[in-house]
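Could you walk me through this protein, from its overall build down to a few single residues? I am new to it and would like a friendly tour.

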Amino acid sequence: MTKRIPLDKRVWPGAVFLGSLMVLEKIWHIPYASPVLAFFLLGQLLFFRDPHRDPPREEGLLAPADGTVVKIDEVFEDRFLHEQAVRIRIFLSIFDVHTTRSPLAGIIKYQNYVKGKFFNALRKDAFDHNESNWIGIENRARRILVRQLTGAIARRIYSDVAIGQVMGRGEKLGMICYGSGVEICIPQRMFRASVRVGQHVSGGLTILGAWNEGY
């Protein structure tokens, strides 16, 4: 099997640009520019890391992204689920892996990109107003809605999936640039959360909770 470089393809424009500036710096002999550019290049490579992850064999819904759980509540979700849902919000710092992953195996049934603001994702109103991309996934009776959210620094959301696409558990949905947030809604009648607010989770690895009996 061919091993891939564990970096998202979106890393290259910025990396090439910074690398070019480092070459020009050598030609122009700009004082102190080299370590600064090297710092930003390293940051670019670290931010766009996209490690391979094998989901656990344990049954349960996987975290859609790396980050810290900032809120767990119950809402009526009217975009895709159209019923009472458990909502889990995750904040991604610039140090977290920003790959978004499918929490369960299934088919992409819904996708909608919504323009909005670029508030800091830690603000209470950021999840209500920031630009975002909604992805609905269905596997028989099980249905979930994942939301990719921009932040104050993040100004670009990348979705690598399309409606009708079959997803494996833990497979890549896309990426969000720099600090941001991810939200997941699950029908309340079929799910019970096991994570807690303040807990750091890993996309494609951490179990968010279990499906109720019959689902």
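Here is a short walk from the whole chain to some of its residues. This is a predicted model, in which local features need pLDDT of at least 70 and side-chain atom pairs count only at pLDDT 80 or more, while totals for chains, interfaces and linings use all residues. Residues are numbered from 1 along each chain as its sequence is written, and side-chain values use heavy atoms, leaving out hydrogens and water.

Let us begin with the overall build. The protein has 3 helices and 14 strands; these are DSSP runs numbered from the N terminus, with at least four residues (H or I) for a helix and at least two (E) for a strand. Its C-alpha trace spans about 65 × 45 × 30 Å along the principal axes.

Next, the inside and the surface. Of the 215 residues, 47% are buried, where buried means under 20% relative accessible area, exposed over 50%, and partly exposed in between, using a 1.4 Å probe and protein chains only. Contacts are heavy atoms within 4.5 Å; among those between residues at least 6 apart in sequence, 71% join residues at least 24 apart.

Now to the aromatic rings. The structure holds 4 aromatic pairs. Rings of Phe, Tyr and Trp (its six-membered ring) pair if their centres lie within 6.5 Å, and planes under 30 degrees apart count as stacked, over 60 as edge-to-face and the rest as tilted. The ring centres of Phe39 and Phe40 are 5.6 Å apart with planes at 75°, so this pair is edge-to-face. Phe39 is exposed, at 59% relative accessible area, and Phe40 is partly exposed, at 49%. Phe47 and Phe48 also form an edge-to-face pair, with 4.9 Å between centres and 85° between planes. Here Phe47 is buried at 3% relative accessibility, and Phe48 is buried with a relative accessible area of 3%.

Our last stop is Gln165. This residue sits in the loop between strand S8 (157–159) and strand S9 (166–167), and is partly exposed, with a relative accessible area of 31%. Leaving aside residues up to four places away in sequence, Gln165 touches Gly106, Ile107, Ile108 and Asp160. Arg87 lies 78 residues from Gln165 in sequence and 24 Å away in space, C-alpha to C-alpha.
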